[in-house]
Amino acid sequence: MAGRRRGRGSNMQQQHAAQNQRGPRRALREPAAFARSTGCESEIPHEKLTIAQARRGTPAHRPVRVYADGIFDLFHSGHARALMQAKNLFPNTYLIVGVCSDELTHKLKGFTVMTEDERYEALRHCRYVDEVVRDAPWTLTTEFLKKHKIDFVAHDDIPYTSAGSEDVYKHIKEAGMFVATQRTEGISTSDLITRIVRDYDIYVRRNLQRGYTAQELNVGFIKEKKYRLQNQVDKMKETVRNVEEKSKHFVYRVEEKSQDLILKWEEKSREFISSFLELFGPDGAWHVIQERSGRMLQALSPYSSPRGSPSSSPTRRRSISPDSSPASASPSSLSPPSSPSSPSSTKKGARSSLKAASSYSRHVQ
C-alpha cells in the first residue's frame with residue numbers, strides 16, 4: 001500500500017510538473033487567463049515561503065505566486081519591464097497581475113485614457129503575465145492574499161501615497177511579503193499624456209486630415225477652420241520642398257554629367273596631342289615620309305660632274321674615240337656647253353624634273 005501511495009504521489013507530481021511546464025509555453029501562444037472570482041482553487045497545499053526558499057527554487061508543482069498590481073493606462077515599455085522583473089524574481093514564478101477598474105481609478109487617482117477592458121486585454125497579451133485579476137482592490141487585504149494564495153507582492157520601493165495612506169504597501173513590507181522592482185526612467189503614463197497635451201494642435205490637425213470630425217475631436221468651428229488652413233499651408237510647403245529637392249537633384253545630375261564630359265574631353269585632348277606629337281616628332285611618320293621623298297628626289301636628279309673635268313657628261317666622254325686626237329676634233333665639239341638662255345627655260349626644266357619624279361614614285365609604288 002505504501003508503495004502504491006508513493007507511486008501515485010510521484011505520478012501526480014509528474015502530471016503537475018508537466019502542466020506547469022506546458023503553462024509558460026502556452027502563455028507565449030495564447031493570452032493569459034482571467035482569475036476566477038472564487039480565487040485560486042489548486043489542490044496543492046499552499047505552504048508559506050520565505051524569500052530565501054523562493055530564491056533557492058521550488059518544485060515544479062509549487063511555483064512561487066507573485067502578485068503585481070497597477071492601473072497600466074497606455075501600457076508601455078516601463079510597465080512591461082516592471083512585469084519582467086517580477087517574473088524573474090525567482091526561478092519558478094507564477095505572475096498574477098491585478099488591474100483596477102475605471103470606477104475605482106477615477107475616484108482615487110484620476111481619469112484614464114484607456115477603458116478598463118482595454119487595459120485588461122493589454123495585460124493579457126504581455127508575455128510575462130500568467131493570470132489577470134480584474135477589478136483589483138486599491139489596498140491589499142489579508143483575505144485577498146489568501147484567496148489568490150499570493151506569496152509575494154512586487155512593486156517599486158518608492159512609498160506609494162494614496163487613499164489617505166503614506167504607503168499602501170506598508171503592511172505588506174512589514175509582513176515580509178514585499179519584493180522591490182526598479183522603475184524605468186524616462187517613460188511613464190504621465191509623460192505620454194504630457195506629450196499629447198503639449199502637442200495638442202499637431203494631433204488635432206493630424207486627426208482632421210485622417211477623417212475625424214471636429215465634433216469627435218471636441219473642436220469649435222473657428223479652430224477647425226484654422227487647423228484646416230494650417231494643413232493647406234503645410235501641404236503647399238511640402239510641395240515646394242519636394243520641388244526644391246527634385247531641382248537640386250536635377251542640378252546635381254547635370255553637374256555630374258558635365259564633369260564627366262569635361263574629364264572625357266581632357267582625356268581625348270591628351271590622346272590627340274600625344275598622337276600629334278608622335279606624328280611630327282623626330283621618329284614620327286611625317287619625318288619618315290619627308291626622308292623617303294628626299295631620297296627619291298636625290299635618286300632621280302641628274303649626275304653633276306665635278307668642276308675642272310674635261311667633259312660635262314659621260315656620254316660626251318664616251319663619244320670621243322681613242323684614235324682621234326684633240327687636234328682633229330671639230331671646234332663645235334670642243335666648245336664649252338652653252339649657258340642657260342632664259343629663266344623660263346630653267347622653270348620648265350624644274351617642272352619637268354618634278355613630273356618625272358612624281359611619275360617614278362607612282363611607278364615604284
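Trainee: Which residues of H3 are buried?
Mentor: H3 is a helix spanning 77-87. Helices (H or I, at least four residues) and strands (E, at least two) are DSSP runs, numbered from the N terminus. Buried means under 20% relative accessible area, with a 1.4 Å probe and protein chains only. In H3 that label goes to Gly 78, His 79, Ala 80, Leu 83, Ala 86 and Lys 87.

Trainee: How far can I trust that?
Mentor: This is a predicted model, where local features need pLDDT of at least 70, side-chain atom pairs count only at pLDDT 80 or more, and totals for chains, interfaces and linings use all residues. Numbering starts from 1 along each chain as its sequence is written, and side-chain values use heavy atoms, without hydrogens or water.

Trainee: What covers the buried residues of H3?
Mentor: Both strands and helices take part. The cover includes H5, H8, E2, E3, E5 and strand E6 (178-181).

Trainee: How many residues has the largest nonpolar core?
Mentor: Such a core is a set of buried Ala, Val, Leu, Ile, Met, Phe, Trp, Tyr and Cys residues joined through side-chain atoms within 4.5 Å. Leu 83, Leu 95, Val 97, Leu 123 and Val 129 have the most contacts inside the largest one. E2, H3, strand E3 (93-99), helix H5 (116-124) and E5 each give two or more residues.

Trainee: Which residues does Leu 123 touch?
Mentor: Contact means heavy atoms within 4.5 Å. Leave out residues up to four places away in sequence. Leu 123 then touches Phe 72, Phe 75, Leu 83, Val 97, Val 99, Val 129 and Val 132.

Methods. Buried means under 20% relative accessible area, exposed over 50%, partly exposed in between (1.4 Å probe, protein chains only).
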